[in-house]
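Open the model in your viewer and keep the sequence panel beside it. The stops below say what to select next and what is there.

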Amino acid sequence: MSTTTSSGTVLPFQPSSMSNAQLAAVSFLARYSGATHALYRTQLGRWFTWCETNDLDPLVGIQRAHVELYIRELAGPA
């Protein structure tokens, strides 16, 4: 199995060098293909980037307030 970066580059599946969140994302994405896979991959990438920017683990310690802030950012300036 392999994974694809946001730039479309296919990388070998390397679980020993992946975080728990990355493993969860790869496992989740494995069941999808085509446009659905691409959309979910993009959205997960955005979530991971937002979490990294805000010094959060994408899976551990996330609270509703974090999700609300992320959604607000997706909506853009009001």
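**Before you select anything**

This is a predicted model: local features need pLDDT of at least 70, side-chain atom pairs count only at pLDDT 80 or more, and totals for chains, interfaces and linings use all residues. Residues are numbered from 1 along each chain as its sequence is written, and side-chain values use heavy atoms, with hydrogens and water left out.

**Stop 1: the whole chain**

Show the cartoon. The protein has 3 helices and 2 strands. Helices (H or I, at least four residues) and strands (E, at least two) are DSSP runs, numbered from the N terminus. Along the sequence the pattern reads β-β-α-α-α.

Switch to a surface. The accessible surface comes to about 5800 Å², and 55% of that belongs to carbon and sulfur atoms. Accessible areas come from the Shrake-Rupley method with a 1.4 Å probe; for residues, only the protein chains shown count as cover. Of the 78 residues in the protein, 15% are buried. Buried means under 20% relative accessible area, exposed over 50%, and partly exposed in between (1.4 Å probe, protein chains only).

Contact means heavy atoms within 4.5 Å. Among contacts with a separation of 6 or more, 25% join residues 24 or more positions apart.

**Stop 2: helix H1**

Select residues 20-29, which form helix H1. Which residues of H1 are buried? They are Ala 21, Ala 25, Val 26 and Leu 29. These four cover an arc of only 135° around the axis, which puts them on the same side of H1. The arc is that of the directions from the helix axis to the C-beta atoms. Now turn to the other side of H1: Asn 20 and Ser 27 are exposed there.

**Stop 3**

Select His 37, in helix H2. His 37 counts as buried, at 19% relative accessibility. Leave aside its neighbours within four places in sequence, and His 37 is in contact with Leu 29 and Tyr 32.

Next select Phe 28, Tyr 32 and Tyr 40. These three form one aromatic cluster. Rings of Phe, Tyr and Trp (its six-membered ring) pair if their centres lie within 6.5 Å; planes under 30 degrees apart count as stacked, over 60 as edge-to-face and the rest as tilted.

**Stop 4: Trp 50 and Tyr 70**

By that rule there are 6 aromatic pairs. Select Trp 50 and Tyr 70: their ring centres are 5.6 Å apart and their planes at 65°, so the pair is edge-to-face. Trp 50 lies in helix H2 (residues 34-53) and Tyr 70 in helix H3, so the pair ties together parts that are 20 residues apart in sequence.

**Stop 5: the loop between H2 and H3**

Select Asp 55, in the loop between H2 and H3. Check its backbone: Asp 55 is not a glycine, yet its phi is positive, about 55°. Most residues other than glycine have a negative phi. The relative accessible area of Asp 55 is 73%, so the residue is exposed.

**Stop 6: helix H3**

Select residues 64-75. Helix H3 has 12 residues and reaches 17 Å from its first C-alpha to its last, close to the 16 Å expected at 1.5 Å a residue. The expected span is 1.5 Å times one less than the number of residues.

Pick His 66 in this helix. His 66 counts as buried, at 18% relative accessibility. Beyond its neighbours within four places in sequence, His 66 is in contact with Trp 50, Leu 56 and Gly 61.

Now select Glu 68 and Arg 64. The structure holds 1 salt bridge, and the side chains of Glu 68 and Arg 64 form a salt bridge at 3.3 Å, N to O. A salt bridge is a side-chain nitrogen of Lys or Arg within 4 Å of a carboxyl oxygen of Asp or Glu. Both residues lie in H3, 4 residues apart, about one turn of the helix. Glu 68 is partly exposed at 38%, while Arg 64 is exposed at 67%.

End on Gly 76, which follows H3 and has a positive phi near 85°.
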